[in-house]
Amino acid sequence: QVQLVESGGGLVQAGGSLRLSCAASGSIFSAMGWYRQAPGKQRELVATIDSGGSTNYADSVKGRCTISRDNAKNTVYLQMNSLKPEDTAVYYCQARRRWAVSAYWGQGTQVTVSS
């Protein structure tokens, strides 16, 4: 019923940049965000943004990442700069409907930062 299509992952040198995109089907979502999971680690929040534009960032990416959304396209973006090897992970897009307890997830896109 709902599909989240992610793109933009890849291999980049330390200090480089990537922009991740996630296009969602259906009506607008109340909140959208990005999470990541590195091998052997739990999935963690990277950044979120609600339909009004309010944002939230993990301390580890503050100052280096910017989340934004285009409500007309039902798409959320994550601009990542000054990437570090520690940023290497599978990045997942998440979307939530207003009043909903559960969330929808994308398939994930691999980000690999080499030193």
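Mentor: Start with Lys62 and Asp59: in this predicted model, their side chains meet in a salt bridge, with N and O 3.3 Å apart. Lys62 is exposed, and Asp59 is exposed too. Side chains of opposite charge can pair when their charged atoms come close.

Arg36 has a salt bridge to Glu44, where the closest N and O atoms are 2.8 Å apart. Buried or exposed, where does Arg36 fall? Its relative accessibility is 6%, so Arg36 counts as buried, while Glu44, at 35%, counts as partly exposed.

Arg36 also forms a salt bridge with Asp87, and here the closest N and O atoms are 2.9 Å apart. Arg36 sits in strand S4 (residues 31-37), whereas Asp87 belongs to the loop between S8 and strand S9 (89-96), so this pair ties together parts that are 51 residues apart in sequence. Both ends are buried, Arg36 as well as Asp87.

S8 (residues 75-80) runs antiparallel to strand S3 (residues 18-24), and 6 bridges join the two. Leu18 stands opposite Met80 in S8. Both strands belong to an open sheet of 4 strands, in the order S1-S3-S8-S7.

How values were computed. Residues are numbered from 1 along each chain as its sequence is written. This is a predicted model: local features need pLDDT of at least 70, side-chain atom pairs count only at pLDDT 80 or more; totals for chains, interfaces and linings use all residues. Side-chain values use heavy atoms; hydrogens and water are left out. Two strands pair if DSSP finds at least two bridges between them. A salt bridge is a side-chain nitrogen of Lys or Arg within 4 Å of a carboxyl oxygen of Asp or Glu. Buried means under 20% relative accessible area, exposed over 50%, partly exposed in between (1.4 Å probe, protein chains only).
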